[in-house]
Amino acid sequence: MNTQVEKIDDVALVQSIVSDKNNFSDLVHLYELKLRRYIRRISSINKQDEDDFLQDIFIKIYININDFDHSLSLNAWVYRIAHNYVIDSHRKNKTKEKHGKWDFDDEVFLSISATDNFLADIYNAETRAKIE
(Lines give C-alpha, C1' and ligand atoms only; values in the text may rest on other atoms or scores of the structure.)
Protein backbone atom coordinates (compact mmCIF):
# COMPACT_ATOMS: atom_id res chain seq x y z
CA MET A 1 0.00 0.00 0.00
CA ASN A 2 1.23 3.42 -0.86
CA THR A 3 1.92 5.32 2.39
CA GLN A 4 1.43 8.63 0.59
CA VAL A 5 -2.18 7.63 -0.12
CA GLU A 6 -2.76 7.09 3.60
CA LYS A 7 -1.48 10.59 4.40
CA ILE A 8 -3.48 12.41 1.73
CA ASP A 9 -6.55 14.19 3.08
CA ASP A 10 -10.09 13.22 2.13
CA VAL A 11 -10.82 16.19 -0.08
CA ALA A 12 -7.59 15.81 -2.06
CA LEU A 13 -8.19 12.09 -2.57
CA VAL A 14 -11.76 12.61 -3.77
CA GLN A 15 -10.70 15.47 -6.03
CA SER A 16 -7.95 13.33 -7.54
CA ILE A 17 -10.49 10.57 -8.24
CA VAL A 18 -13.02 12.99 -9.74
CA SER A 19 -10.36 14.51 -12.00
CA ASP A 20 -8.95 11.12 -13.04
CA LYS A 21 -10.98 7.95 -12.43
CA ASN A 22 -7.76 5.90 -12.64
CA ASN A 23 -6.93 7.28 -9.17
CA PHE A 24 -9.82 5.27 -7.74
CA SER A 25 -7.36 2.43 -7.22
CA ASP A 26 -5.78 4.56 -4.47
CA LEU A 27 -9.06 4.51 -2.56
CA VAL A 28 -9.42 0.77 -3.13
CA HIS A 29 -5.91 0.13 -1.77
CA LEU A 30 -6.63 2.35 1.21
CA TYR A 31 -9.93 0.70 2.18
CA GLU A 32 -9.93 -2.85 0.85
CA LEU A 33 -8.50 -4.61 3.92
CA LYS A 34 -10.36 -2.35 6.34
CA LEU A 35 -13.69 -2.99 4.65
CA ARG A 36 -12.99 -6.72 4.39
CA ARG A 37 -12.48 -6.87 8.17
CA TYR A 38 -15.57 -4.74 8.77
CA ILE A 39 -17.75 -6.94 6.56
CA ARG A 40 -16.51 -10.06 8.38
CA ARG A 41 -17.27 -8.45 11.71
CA ILE A 42 -20.86 -7.42 10.95
CA SER A 43 -21.93 -10.42 8.84
CA SER A 44 -21.43 -14.13 8.55
CA ILE A 45 -20.72 -14.57 4.86
CA ASN A 46 -18.29 -16.84 3.08
CA LYS A 47 -15.13 -15.72 1.27
CA GLN A 48 -16.75 -15.65 -2.18
CA ASP A 49 -19.68 -13.53 -0.96
CA GLU A 50 -17.23 -11.28 0.87
CA ASP A 51 -15.40 -10.62 -2.41
CA ASP A 52 -18.72 -9.95 -4.15
CA PHE A 53 -19.77 -7.57 -1.37
CA LEU A 54 -16.50 -5.69 -1.62
CA GLN A 55 -16.79 -5.38 -5.37
CA ASP A 56 -20.36 -4.10 -5.14
CA ILE A 57 -19.43 -1.65 -2.37
CA PHE A 58 -16.56 -0.23 -4.39
CA ILE A 59 -18.84 0.07 -7.41
CA LYS A 60 -21.31 2.07 -5.30
CA ILE A 61 -18.51 4.30 -4.06
CA TYR A 62 -17.21 4.78 -7.61
CA ILE A 63 -20.65 5.69 -8.94
CA ASN A 64 -21.37 8.11 -6.09
CA ILE A 65 -17.93 9.70 -5.60
CA ASN A 66 -19.15 12.93 -7.22
CA ASP A 67 -21.85 13.19 -4.55
CA PHE A 68 -19.37 13.00 -1.67
CA ASP A 69 -20.00 15.85 0.78
CA HIS A 70 -16.60 17.39 1.55
CA SER A 71 -17.83 18.52 4.95
CA LEU A 72 -18.03 14.85 5.97
CA SER A 73 -15.29 12.34 6.66
CA LEU A 74 -14.46 10.12 3.67
CA ASN A 75 -13.86 7.28 6.10
CA ALA A 76 -17.35 7.61 7.61
CA TRP A 77 -18.92 7.92 4.14
CA VAL A 78 -17.19 4.77 2.86
CA TYR A 79 -18.10 2.77 5.96
CA ARG A 80 -21.72 3.97 5.79
CA ILE A 81 -21.98 2.73 2.20
CA ALA A 82 -20.49 -0.62 3.24
CA HIS A 83 -22.74 -0.89 6.30
CA ASN A 84 -25.89 -0.08 4.33
CA TYR A 85 -24.96 -2.56 1.61
CA VAL A 86 -24.42 -5.41 4.09
CA ILE A 87 -27.66 -4.63 5.94
CA ASP A 88 -29.64 -4.39 2.68
CA SER A 89 -28.19 -7.70 1.49
CA HIS A 90 -29.07 -9.32 4.79
CA ARG A 91 -32.65 -8.02 4.55
CA LYS A 92 -33.01 -9.30 0.98
CA ASN A 93 -31.75 -12.75 1.97
CA LYS A 94 -33.99 -12.80 5.03
CA THR A 95 -37.01 -11.98 2.85
CA LYS A 96 -36.07 -14.72 0.38
CA GLU A 97 -35.73 -17.24 3.22
CA LYS A 98 -39.02 -16.11 4.77
CA HIS A 99 -40.96 -16.69 1.56
CA GLY A 100 -39.16 -19.94 0.88
CA LYS A 101 -38.27 -18.97 -2.65
CA TRP A 102 -36.36 -16.40 -4.62
CA ASP A 103 -38.26 -13.31 -5.65
CA PHE A 104 -38.30 -12.94 -9.39
CA ASP A 105 -37.23 -9.68 -10.87
CA ASP A 106 -39.51 -8.29 -13.59
CA GLU A 107 -36.49 -7.30 -15.68
CA VAL A 108 -35.48 -10.94 -15.92
CA PHE A 109 -38.77 -11.81 -17.55
CA LEU A 110 -38.54 -9.01 -20.07
CA SER A 111 -35.50 -10.77 -21.51
CA ILE A 112 -37.01 -14.25 -21.73
CA SER A 113 -37.04 -15.70 -25.22
CA ALA A 114 -40.25 -16.78 -26.91
CA THR A 115 -39.50 -20.44 -26.19
CA ASP A 116 -39.46 -19.74 -22.46
CA ASN A 117 -42.90 -18.11 -22.27
CA PHE A 118 -44.08 -20.86 -19.94
CA LEU A 119 -41.84 -19.40 -17.21
CA ALA A 120 -43.49 -16.02 -17.66
CA ASP A 121 -46.90 -17.70 -17.46
CA ILE A 122 -45.91 -19.35 -14.17
CA TYR A 123 -44.66 -16.04 -12.84
CA ASN A 124 -47.87 -14.27 -13.90
CA ALA A 125 -50.01 -17.00 -12.32
CA GLU A 126 -48.09 -16.69 -9.04
CA THR A 127 -48.40 -12.91 -9.15
CA ARG A 128 -52.17 -13.12 -9.80
CA ALA A 129 -52.52 -15.61 -6.92
CA LYS A 130 -50.75 -13.21 -4.57
CA ILE A 131 -53.00 -10.33 -5.63
CA GLU A 132 -56.20 -12.35 -5.21
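Author: Helices (H or I, at least four residues) and strands (E, at least two) are runs assigned by DSSP and numbered from the N terminus. By that rule the chain holds seven helices and zero strands, and its pattern along the sequence reads α-α-α-α-α-α-α. This is a predicted model, in which local features need pLDDT of at least 70 and side-chain atom pairs count only at pLDDT 80 or more, while totals for chains, interfaces and linings use all residues. Residues are numbered from 1 along each chain as its sequence is written, and side-chain values use heavy atoms, with hydrogens and water left out.

Reader: What makes Phe 58 a buried residue?

Author: A residue is called buried under 20% relative accessible area, exposed over 50%, and partly exposed in between (1.4 Å probe, protein chains only). Phe 58, which lies in helix α4, has a relative accessible area of 9%, and therefore counts as buried. Across the chain, buried residues make up 26% of the 132 residues.

Reader: How do you know whether Glu 50 is buried or exposed?

Author: The same cut-off decides it. Glu 50, also placed in helix α4, has 3% relative accessibility, so it is buried. Leaving out residues up to four places away in sequence, Glu 50 touches Arg 36, Ile 39, Arg 40 and Ile 45, where contact means heavy atoms within 4.5 Å.

Reader: Why is Ile 61 called buried, and which residues is Ile 61 in contact with, leaving aside its neighbours within four places in sequence?

Author: Ile 61 sits in helix α4, and its relative accessible area is 0%, so the residue is buried. With those neighbours set aside, Ile 61 is in contact with Phe 24, Leu 27, Trp 77, Val 78 and Ile 81. One of these, Val 78, is 17 residues apart from Ile 61 in sequence, and the two are 7.1 Å apart in space, C-alpha to C-alpha.

Reader: What is the largest nonpolar core, and which elements give two or more residues to it?

Author: A nonpolar core is a set of buried Ala, Val, Leu, Ile, Met, Phe, Trp, Tyr and Cys residues joined through side-chain atoms within 4.5 Å. The largest such set here has 25 residues, and those with the most contacts inside it are Leu 27, Phe 58, Ile 61 and Leu 74. Two or more residues each come from α2 (10-19), α3 (24-42), α4 (47-64) and α5 (74-99), with the largest share, eight residues, coming from α3. In soluble globular proteins, nonpolar side chains tend to be buried together.

Reader: Why is α3 described as oblique to α4?

Author: Axes are lines fitted to C-alpha atoms, for helices over the stretch in contact, and angles run from 0 to 180 degrees between N-to-C directions. The axes of α3 and α4 come within 10 Å and cross at roughly 135°. Angles under 35 degrees count as roughly parallel, over 145 as roughly antiparallel, 65 to 115 as roughly perpendicular and the rest as oblique, and therefore α3 is oblique to α4.

Reader: Which residues does Phe 58 touch, not counting residues up to four places away in sequence?

Author: Phe 58 touches Phe 24, Leu 27, Val 28, Tyr 31, Glu 32 and Leu 35.
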